[in-house]
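Q: I have a chain open here and want a quick walk through it. Can we start with the terms?

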Amino acid sequence: GNLWGQGYTLGFKLPRRPHLNRKNISQRIRQNEFDLIVFARMSPYEPCNFWYDYGSAGNTAPQFFEDVYSRFPRQRVALLYGDDSGLDDAVIRSHVARMGSLHRGLGFIFMRESLP
């Protein structure tokens with residue numbers, strides 16, 4: 001069959017958890033209800049993950065980014081970059097800087113590929 005991600009993807013493998021409250025996330029972020037925030041798909045090469053403009057760049061911020069950025073200390077935020085590009089890629093470096101991690105110190109970055 002047709003494999004996306006050459007079979008590496010873990011998407012849709014976890015069981016559904018109907019007991020989790022997924023309502024009013026933005027409000028719950030503003031009330032500091034969560035201990036840790038993880039943005040799991042930060043790559044600029046996956047634009048389907050982005051919801052709105054951030055700064056002068058169009059469609060580059062994930063949902064709830066502004067709520068988290070303005071309220072959570074960096075020690076409680078993680079940004080995951082899981083594509084095949086590393087920091088030698090100018091687009092990735094620009095995106096990391098724009099999202100705050102290199103420039104403003106928002107969160108910890110975890111990259112699957114640091115170098116080519």
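A: Helices (H or I, at least four residues) and strands (E, at least two) are DSSP runs, numbered from the N terminus. This is a predicted model: local features need pLDDT of at least 70, side-chain atom pairs count only at pLDDT 80 or more, and totals for chains, interfaces and linings use all residues. Residues are numbered from 1 along each chain as its sequence is written, and side-chain values use heavy atoms, with hydrogens and water left out.

Q: Where is serine 85, then?
A: Serine 85 sits in the loop between β4 and α3 (90-99).

Q: Is serine 85 buried or exposed?
A: Serine 85 counts as buried because its relative accessibility is 16%. The cut-offs: buried is under 20% relative accessible area, exposed over 50%, partly exposed in between (1.4 Å probe, protein chains only).

Q: What does serine 85 touch?
A: Tyr45, Ile92, Met111 and Glu113, not counting residues up to four places away in sequence. Contact means heavy atoms within 4.5 Å.

Q: Zoom out. How many helices and strands does the chain have?
A: Three helices and five strands. From the N terminus on, the order is α-β-β-β-α-β-α-β.

Q: What about confidence?
A: pLDDT is the predictor's confidence in each residue, from 0 to 100. The chain averages 75, and 70% of the residues score at least 70. Where pLDDT is low, the predicted coordinates should not be read in detail.

Q: Which strands make up the open sheet, and in what order?
A: β1-β4-β5, with parallel pairing. β1 (37-39) and β5 (108-111) are the edge strands, each pairing on one side only. Neighbouring strands are turned by 20 degrees against each other on average, direction ignored. Those angles use axes that are lines fitted to C-alpha atoms, for helices over the stretch in contact, and run from 0 to 180 degrees between N-to-C directions.

Q: How many bridges join β1 to β4?
A: Three, and β4 covers residues 77-81. Two strands pair if DSSP finds at least two bridges between them. Phenylalanine 39 has leucine 79 as its bridge partner in β4.

Q: What else is phenylalanine 39 in contact with?
A: Beyond neighbours within four places in sequence, its contacts include Pro62, Phe65, Val68 and Val77.

Q: How many residues are in the largest nonpolar core?
A: 15, and those with the most contacts inside it are Phe39, Val68, Val77 and Tyr81. A nonpolar core is a set of buried Ala, Val, Leu, Ile, Met, Phe, Trp, Tyr and Cys residues joined through side-chain atoms within 4.5 Å.

Q: New topic. Where is arginine 28 found?
A: In helix α1 (residues 25-30). Arginine 28 is buried because its relative accessible area is 11%.

Q: What does the side chain of arginine 28 reach?
A: The backbone oxygen of asparagine 21, at 2.6 Å. The backbone oxygen of lysine 23 lies 3.4 Å from a polar atom of the arginine 28 side chain. A polar contact is a pair of N or O atoms within 3.5 Å; within protein, one must be able to donate a hydrogen and the other to accept it, and residues adjacent in sequence count only if both atoms are side-chain atoms.

Q: And glutamine 31: buried or exposed?
A: Exposed, because its relative accessible area is 52%. Glutamine 31 lies in the loop between α1 and β1.
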